[in-house]
Amino acid sequence: MNVQRTMALLKLELKKLIRDPTFLFSLILLPVILTLAFGLAMRDIPTDSNPDISIFDFMVPGIYGFTSVYIVMTVAMAFTDYRKEGLLDRINTTPTTSAEFMGSHVISNIIISILQVAIITVLALILGFRIRSTGFLLAFAFVGFLALSSVGFGLISATFAKSSGAAVGVSMIFFMPQMIFGTWIPMSDDTQVVAMFFPIYYSTNSIQMIFSGVPLTDITIWINLVVLAIYSIVIVIVGTLIFKRFGKA
Amino acid sequence: MTISEESDLKKGSSDNIVVEIQNLKKNFDDIKAVNDLSFKINKGEIFGLLGPNGAGKTTTIKMMIGLLKPTSGEIYVGGYNVRKDLNKIKELIGVCPQQAAIYKFLSGRENIELYGNLHAIDKKVLKERTDELLEAVDFTEQSKRKAKKYSGGMLRQINMLMALIGDPDILFLDEPTVGMDARVRRKTWEFIGSLKERGKTVVLTTHYIEEAEALSDHVAIIDFGELIDLGTPKGLMEKHNVEDLEKVFLKITGRRITEGL
């Protein structure tokens, strides 16, 4: 893997985040708006199970998940646009390898996801959110892997969408269930079983455990991390292969 | 397998050949987009692929640069077989696609530098080469602006410079002047002509008769995916006893190149 090529493509994606209003809104401003809205509305309402924990405290890990899963849509839109504008074909005529190209996308989206978590956390803390664990940094690992799975789902969506508008629609197949089963919507035992089919479940569930003070020695947290990591790596590999085989034209 | 192992280059009959196409065919379902095309391109020449829209020019170029797989036939670029050694070919070529493939949120200069980085050019060399290219087409000032603010002609200029930043030995220019006004087109012709002086081999597709005549050392006239005739512009006109390539096409096919546009 050539570092110069990968870094150039990585910088390209990060410049797009800053310069393209659609991506800036979707990936940075939307998390800010969500955190502010939920924080101001829910920070003083305690949960039924524990009066010390507000509904907002319960929701913050869900907001992390929501913003990471939103990456499915932005990746799907970006790849359909790149394909339509001939940018993918053009890159294919340079010595750039698939690993360098995909690597830069994966790294940029993980960086974006971590940035989102940092922004959400700072805002949430200002609004009264309380972290009851020293293992907070582990949250970054969970959202990093979740972002990885989102890149994979985004590539699968881009394979079947012919335009960026259609990409938004197709990516809903992966976005909506994850939003319903893995953000801030309370789940029954039955829905929890369904949720286990989606990567967001493992992220949100574990981050909620960490933030509510469950010690890091709890094996469930680590099992969730391993399951999420394997799930995400498989999805990004499958997404890359499907897009390479069927999505270029 | 390289051309030196399999083609005329090995046989020592044409050491000067940098691109060789042998019995190339491309079918899209039952449509024969390219049908049994064969020709050779010499080192340091401008080779024009002339034909009306839909003649198979872009399909041929796309197969030469590895973006489309041929149905049958062989292509050798810079001594390498496109099917087997595409990565080596990518080190040798620069491609200016027909559609201006440019990141609109980057400036013109940033687009050029991005492609320089994709060719892993040393940072210092990249800056010097970018300055030189922009200066050559009087684009230095405009290059600082975001590409989304460029006119169609300006986008095409940057599109071409992006193909040149890697200092390729072989350049594929697919309709590079479409959408340019007459003044910029003339200037671009001069620039393409100067590439030959720098030892570059240029494969140029066009449906502008003037462009093919003014720039090309050899012209392959193609229609319905087939090679109709091949030679120097002057040679073709003399052979068919007419004054321009349009009339050559008319004489051979009974219709004008511009009829397909």
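These entries record what I looked up in a predicted model with chains A and B.

**Conventions.** I number residues from 1 along each chain as its sequence is written, letter chains from A and number ligands from 1 in the order in which they are written. Because the model is predicted, I take local features only at pLDDT of at least 70 and side-chain atom pairs only at pLDDT 80 or more, while totals for chains, interfaces and linings use all residues.

Helices (H or I, at least four residues) and strands (E, at least two) are DSSP runs, numbered from the N terminus.

H10(A) runs over residues 219–246, and its 28 residues should span 40 Å at 1.5 Å a residue. The expected span is 1.5 Å times one less than the number of residues. I found the end C-alpha atoms 40 Å apart, which agrees. For burial I call a residue buried if 20 or more other C-beta atoms lie within 10 Å of its own, exposed if 12 or fewer, and partly exposed in between, with C-beta atoms placed from the backbone. The buried residues of H10(A) include Ile221(A), Asn224(A), Leu228(A), Tyr231(A) and Phe243(A). Their cover includes H3, helix H5 (98–126), helix H6 (138–160) and helix H9 (199–211) of chain A.

I found Pro61(A) in helix H3 (residues 55–84) of chain A. Pro61(A) has 27 C-beta neighbours inside 10 Å and so counts as buried. Leaving out residues up to four places away in sequence, Pro61(A) touches Thr204(A), Ile207(A), Gln208(A) and Phe211(A). Val117(A) is 56 residues from Pro61(A) in sequence, with 9.1 Å between their C-alpha atoms.

H8(B) (residues 182–197) has 16 residues and reaches 23 Å from first C-alpha to last, close to the 22 Å expected. Thr188(B), Ile192(B) and Leu195(B) are buried. Down the axis of H8(B) the buried residues fall within an arc of 45°, so they line one face of the helix; the arc is that of the directions from the helix axis to the C-beta atoms. On the other side, Ala182(B), Arg183(B), Ser194(B) and Glu197(B) are exposed. Strand E3 (46–50) and helix H9 (209–215) of chain B are among the elements that cover the buried residues. After H8(B) comes Gly199(B), with a positive phi near 85°.

Strands pair if DSSP finds at least two bridges between them. I traced an open sheet of 4 strands, in the order E2-E1-E4-E5 (chain B), with antiparallel pairing. E2(B) (31–42) and E5(B) (80–81) stand at the edges with a single partner strand each, so one side of each has no neighbour in the sheet. E1(B) (residues 17–28) and E2(B) pair over 8 bridges, and Glu20(B) has Lys40(B) as its bridge partner in E2(B). E9(B) (residues 218–223) and E10(B) (residues 226–231) pair in the antiparallel sense over 5 bridges. Asp223(B) stands opposite Glu226(B). This hairpin has 2 residues between the strands, and Phe224(B) takes a positive phi near 50°.

Definitions and conventions. Contact = placed C-beta atoms within 7 Å.
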